[in-house]
Amino acid sequence: MPARRLLFLNATRLTAYHWLPSGPREEAGFAANETGLSAFRDYLRQQRGGVFYLLTDVTEEGFQVDELPYVQGGDRKELIKRKLAQYYYGTPLSLALSLGRSRKARRDEKFLFAGLTGIAQIEPWLQAMRETEARLAGIHSMPFVIAALVGKLPAGAIDQVLVISTSSAGLRQSFFENGQLRFSRLTAMATDHVEQVTTACAREAGKIYQYLAGQRLVSRNKQLQVLVLAHAGQLADLARHFPDTPERQIQTVDIGTLARQHGLAEPPADARGDRFYLHLLMRQTPRQQFAPAADRRFYRLWQFRHGLNVASATVLGACLLVAGAQMLRLAEVSDDNARAKLDIDASQHRYDELMRDLPPIEISRDGLRDLTDRYRALARRGAGPEPLLQHLSRALDQAPRVELTRIDWRLDDGTAREPRNDAAQGQGAPKGSSHATLDIQARLPAAMALDHRGQLEAVNAFAGMLSTRDVQVRVLSLPFEQESGKSIRSGDATGEIEPPKFNLRVMRAL
């Protein structure tokens, strides 16, 4: 963060301060002449990296309260610009402060228009800052700094209050209504003697009251609250020489106590509160400032550059966090790989030891692997009839009307085919495949001898029970002849009724 410098300008000189959290520390002073301006340029070149805040306390200033039609956007900006040019023609140091909407029928927006009319007094200092490309954050006026105190002062809750303060520039009277600045005036003083200050307060308070009453800002039959910011040593004299009147009610506030409440480590030694007001400027910087955009150009460039640096640092930090997480993950993966390699090496070592303990054989490892595969294939081909017989037993449990009369089991390499049956049934084991075969001869109850439809359904149901994804079933013969041109026979020539017989072939691939 760059160092922040405070510049306090009055009618005779400019004083530079270095702001610290405990309060401003004076660094240099420059007279309002060519020698002082030259020294000021040298000072700005030495403090090229700092940010500057200019606080003015001059008599050449103006305040006007006016109402404008309530508009928004570009029209509002144009109205404000034209009104500022009307009131403060010839000075770019002006601003407009919205005071809220009027309560009248049209509900116009009320503004306080303020301007620093003594541009010739301020311009040489601004020109020096332009030449040295100083970062000017803003130009502020003393009344707007005092406005930050109004709500916290003893009379802050009063609708109308006149605040009298003292600085090296003179005696300032600022009038506030509902906590908002309406008018301010600076009176130069030749000396800061207590009696002169007290007399000036009484005299200027009377003048301000007459002016405010003439402008109808205060009511003549209402007592004006006057708040005086003074040093502790002046309070007794103020109470004696600045009494209450029917027009005003006086309250005094110790500026030292007020400064300590706002964090100033070294309170002012007298009523001139230059350091306190500068400290207040940094603690509660007003939103309103007088510097045009051209004079704040280098400050804006610094803000943009600072924002880019902050964004870059944020992105860099995020990238470093991601990179750190990836490094941790890489370390974990590397550890896992190292452990896996150790396990592989240990397994290979045990395998080598086992191989060394085995008796030597005159065959390579690849040949042994092929031999093992062939052995497993032969073992599969040498499987017994148990799987098919168990499968047949489960089917018989579900078909109690089927009675087995003969079972033939064999292993077949797929070369033997029955063209007639294959063509008739449309299924069979692929040629060249090894499979186990069961040729089944079975019969149905004799009571079904004349029920040809029932016989066909019983055989098909039994075949369906035997058929699975691994087991294929073919019907070799039915209990009756189905070919056209042949009569259906269900018995022999003697006329005796025989149980219907049928043949099945069940094949299971090995």
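This is a predicted model: local features need pLDDT of at least 70, side-chain atom pairs count only at pLDDT 80 or more; totals for chains, interfaces and linings use all residues.
**Entry 1: α1 and α3**

I began with helix α1, residues 34–46, and helix α3, residues 119–131. Their axes lie 9 Å apart, and the packing angle is about 35°. I noted the crossing of α1 and α3 as right-handed. From α1, the residues in contact are Gly36, Leu37, Phe40, Arg41 and Leu44. On the α3 side I listed Pro124, Trp125, Ala128, Met129 and Glu131. Sorted by class, this contact of α1 with α3 holds seven nonpolar residues, one polar and two charged.

**Entry 2: α4 and α8**

Next I looked up helix α4 (residues 142–150) against helix α8 (residues 274–283). I found an axis separation of 10 Å and an angle of about 75°. By class I wrote down eight nonpolar residues for the contact of α4 with α8, with no polar and no charged ones.

**Entry 3: α11 and α13**

I recorded a right-handed crossing where α11 passes α13. His391, Leu392, Ala395, Leu396 and Gln398 make the contact from α11. Their partners in α13 are Phe462, Met465 and Leu466. The contact of α11 with α13 divides into six nonpolar and two polar residues, with no charged ones.

**Entry 4: cavities**

How many cavities of 30 Å³ or more does a search of the whole structure find? The count is two. I followed up the second largest cavity, which holds about 30 Å³ of space. I listed its lining as Ile164, Thr166, Val197, Cys201, Val228, Leu229, Ala230, Gln234 and Leu238. Strand β9 (160–167), helix α5 (194–214) and strand β12 (224–230) are the elements that each give two or more residues to this lining. Which element supplies the largest share of the lining of the second largest cavity? It is β12, with three residues. By class I noted seven nonpolar residues and two polar for this cavity lining, and no charged ones.

**Entry 5: second largest pocket**

Last, I looked at open space. The second largest pocket has a volume of about 480 Å³. Its lining is made up of 20 residues. Which of them lie nearest the centre of the second largest pocket? I wrote down Leu84, Ser94, Leu95, Ala96 and Gln289. The elements giving two or more residues to the lining of this pocket are α2 (74–87) and β6 (94–101). The classes in the pocket lining are eleven nonpolar, four polar and five charged.

The contact of α1 with α3 has two, and the lining of the second largest pocket has five. The contact of α4 with α8 has no charged residues. The contact of α11 with α13 has no charged residues. The lining of the second largest cavity likewise has no charged residues.

Technical notes: Residues are numbered from 1 along each chain as its sequence is written. Side-chain values use heavy atoms; hydrogens and water are left out. A crossing is left-handed if the near helix is turned anticlockwise from the far one by less than a right angle, and right-handed if clockwise. Helices (H or I, at least four residues) and strands (E, at least two) are DSSP runs, numbered from the N terminus. Contact means heavy atoms within 4.5 Å. Ala, Val, Leu, Ile, Met, Phe, Trp, Tyr, Cys and Pro count as nonpolar, Asp, Glu, Lys and Arg as charged, and the others, Gly among them, as polar. On a 1 Å grid over the protein atoms alone, a cavity is a set of points where a 1.4 Å probe fits but cannot get out, and a pocket is an open set with protein on both sides within 12 Å along at least five of seven lines; lining residues have an atom within 4 Å of a point. Grid points are joined across faces, edges and corners, and a volume is the space filled by probe spheres set on the points. Axes are lines fitted to C-alpha atoms, for helices over the stretch in contact, and angles run from 0 to 180 degrees between N-to-C directions.
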